[in-house]
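Grab a pencil and work through these exercises one by one.

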Amino acid sequence: MTTVVERSLPRWGGFSLGMIGLELRRMVRNRRTVVFTVVMPPVFYLLFGSSASYRSERLDGGGNVAGYVLVSMAVYGAMLATTSGGAMVSVERAAGWSRQLRLTPLLPGAYIAVKLVLAMIVGAVSVLVALVVGAFTGAELPAAAWVECGLLAWVCALVFAAFGLFMGYLLPSENVLQILGPVLAVLSFAGGLFVPVDQLGSTFARIAAFTPVYGVGQIARYPLTHEGNLWLAALSVVVWTAVFSVGAMWRFRRDTARV
Amino acid sequence: MTERMAVELDGVVKRFGAVTAVDGVSLAIRPGEVVALLGPNGAGKTSTVDMVLGLSEPSQGSVRVYGRAPREAVALGLVSAVMQSGGLLKDYTVGETVRLTAVLFGRPRERVEAVLERAGIADIRDRLVGKCSGGQQQRLRFAMALLPDPELLILDEPTTGMDVSGRHDFWSAIREDARSGRTVIFATHYLEEADAYADRVVFVRRGRVVADGTAAEVKALASGRTVRATLPGAVEQEAALRAMAGVDSVEVRGDSVLVHAKDTDEVARYLLTRTAARDLEIVARNLEQAFIALTSDEVTA
């Protein structure tokens with residue numbers, strides 16, 4: 001070859017803002033993802049949480065019931081967003097894109113990191129949209145709780161980014177979200193996002209505490225309710241994050257060994 | 001070693017469970033060669049290509065690409081590939097797909113323009129990949145493969161599913177590109193592609209190399225060639241011709257003689273220098289016939 005090409009490896013294994021930007025653009029292009037992660041949670045809030053009685057009923061720690069429902073929906077939205085962010089790998093594997101990426105310097109770890117960052121960006125947008133919609137439609141929270149609840153809902157949703165990755169590697173489907181949608185709805189119900197668990201009987205409440213959504217909901221609502229055992233909730237989040245991460249790593253290793 | 005090889009396979013074996021896909025392949029490819037990896041489906045072509053690209057590890061033996069481990073050669077952009085199918089995301093545009101590749105290889109924006117032009121898809125850069133035809137998608141894969149300006153380009157059954165004109169356009173682009181001295185290895189089961197575009201043909205069957213040489217050599221190896229000449233009194237020469245090394249059969253038809261041989265050059269030399277033979281011609285069977293000859297025992301075995 002006449003021209004000498006400078007050959008070097010990219011920094012950080014190929015993790016770059018350029019890639020995140022392009023991936024984000026692609027995600028936004030997918031209407032189903034946008035509706036699922038950004039539109040649905042505020043709509044649920046408007047349907048189930050913003051009634052006149054919820055708006056007038058006050059909470060002990062300040063704010064109203066509508067605000068309480070709103071925080072739960074923000075958690076739900078963050079969860080949908082981060083799960084679908086992680087689950088993108090399923091579609092990409094099905095299309096042979098993961099294999100194509102292995103013909104580039106991108107390291108598998110950097111790819112996962114990009115997916116996690118994307119999941120968290122979409123999660124942040126989802127939480128933000130839900131809170132803004134709530135703020136304009138009668139949800140009330142103490143000033144600090146707006147920020148604290150939003151941040152906690154977002155950070156804790158990292159559990160579901162790991163869950164999405166795990167499912168993305170586990171399920172060979174092109175339509176992984178059609179499977180995960182109902183699964184997340186069931187988990188949200190079991191974890192007390194749609195209905196407080198103590199309204200469903202003590203046995204159910206005890207079981208609910210062991211499901212992955214429970215801890216996230218408890219922590220996100222804590223600035224508002226100051227209720228429940230924060231340490232146990234944190235433990236729940238940590239343990240479930242670990243479980244899903246280990247699962248994702250396990251499937252991921254098998255995947256890279258096979259392809 | 002006098003020269004650094006583009007690709008060196010040394011006793012490479014690849015097993016998938018009880019199935020041996022590649023069964024002891026040793027192969028050295030020099031920089032600048034255009035090599036066809038020819039063989040029927042399931043011959044082990046794709047398994048071999050995967051190992052050269054670091055997509056899988058050999059069960060035994062070693063693979064070096066420009067003296068490096070395949071993964072490293074890929075990461076540095078020394079080697080890239082156009083795969084058979086898949087490997088594209090429908091909801092990216094053509095331009096974005098190439099841009100992403102550039103971002104990953106850390107190459108500048110101008111490089112994107114250059115390869116879009118080279119692959120002939122600059123005019124459809126804003127089209128979604130999902131809306132592109134098979135041929136356009138293949139040219140997109142070609143553009144992506146060109147992006148790191150690789151020393152070695154690997155094409156795995158690159159024209160599968162293309163129509164005749166798409167195939168022609170694609171090979172013109174590859175041909176044009178190979179002129180710059182790039183090493184090209186392409187796997188194919190289209191005999192005419194190997195015949196028309198390769199300097200060297202490596203025949204693979206059941207995971208082994210069964211023939212390796214120029215298209216002409218491989219044809220001769222597989223089925224021999226035929227020397228036909230006008231030779232008055234040919235009958236007298238029949239025994240002498242039959243006794244020559246590499247001669248398979250001799251036919252005498254009046255004043256003409258037909259000799260089927262593996263080494264037809266020797267036969268021709270003999271006929272022209274030791275006998276009164278004239279109007280001599282050497283006829284090779286085409287690659288299709290060679291292919292059938294090399295793979296025919298598959299039916300009987």
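**Exercise 1.** In which helix of chain A does A:Thr82 lie? Work out its surroundings too.

*Solution.* A quick note before starting: this is a predicted model, where local features need pLDDT of at least 70, side-chain atom pairs count only at pLDDT 80 or more, and totals for chains, interfaces and linings use all residues. Residues are numbered from 1 along each chain as its sequence is written, chains are lettered from A and ligands numbered from 1 in the order in which they are written, and side-chain values use heavy atoms, with hydrogens and water left out.

- Step 1: A:Thr82 lies in helix H4 of chain A. Helices here are DSSP runs of H or I with at least four residues, strands are runs of E with at least two, and both are numbered from the N terminus.
- Step 2: A:Thr82 has a relative accessible area of 0%, so it is buried. The cut-offs are under 20% for buried and over 50% for exposed, with partly exposed in between (1.4 Å probe, protein chains only).
- Step 3: Skip the neighbours within four places in sequence, and A:Thr82 is in contact with A:Ala119, A:Met120, A:Gly123, A:Ala157, A:Phe160 and A:Ala161. Contact means heavy atoms within 4.5 Å.

**Exercise 2.** Is A:Met73 buried or exposed? Find its partners as well.

*Solution.* 

- Step 1: Helix H4 of chain A is also the place of A:Met73.
- Step 2: With a relative accessible area of 3%, A:Met73 is buried.
- Step 3: Not counting residues up to four places away in sequence, A:Met73 touches A:Pro41, A:Phe44, A:Tyr45, A:Leu193 and A:Phe194.
- Step 4: Now try A:Tyr214: it sits 141 residues from A:Met73 in sequence, and their C-alpha atoms are 13 Å apart.

**Exercise 3.** How many helices and strands are there in chain A? Sketch the whole chain.

*Solution.* 

- Step 1: Count 12 helices and 0 strands in chain A.
- Step 2: The C-alpha trace of chain A spans about 75 × 35 × 30 Å along its principal axes.
- Step 3: Buried residues make up 51% of chain A.

**Exercise 4.** Which residues touch the most other members of the largest nonpolar core?

*Solution.* 

- Step 1: The core has 109 residues, and the answer is B:Phe142, B:Leu155 and B:Val201. Such a core is a set of buried Ala, Val, Leu, Ile, Met, Phe, Trp, Tyr and Cys residues joined through side-chain atoms within 4.5 Å.
- Step 2: Helix H4 (residues 65-94) of chain A gives this core its largest share, 15 residues.
- Step 3: Beyond its neighbours within four places in sequence, B:Leu155 has contacts that include B:Val82, B:Phe170 and B:Trp171.
- Step 4: Another core of 34 residues lies apart from it, with B:Leu27 and B:Ile29 among its members.
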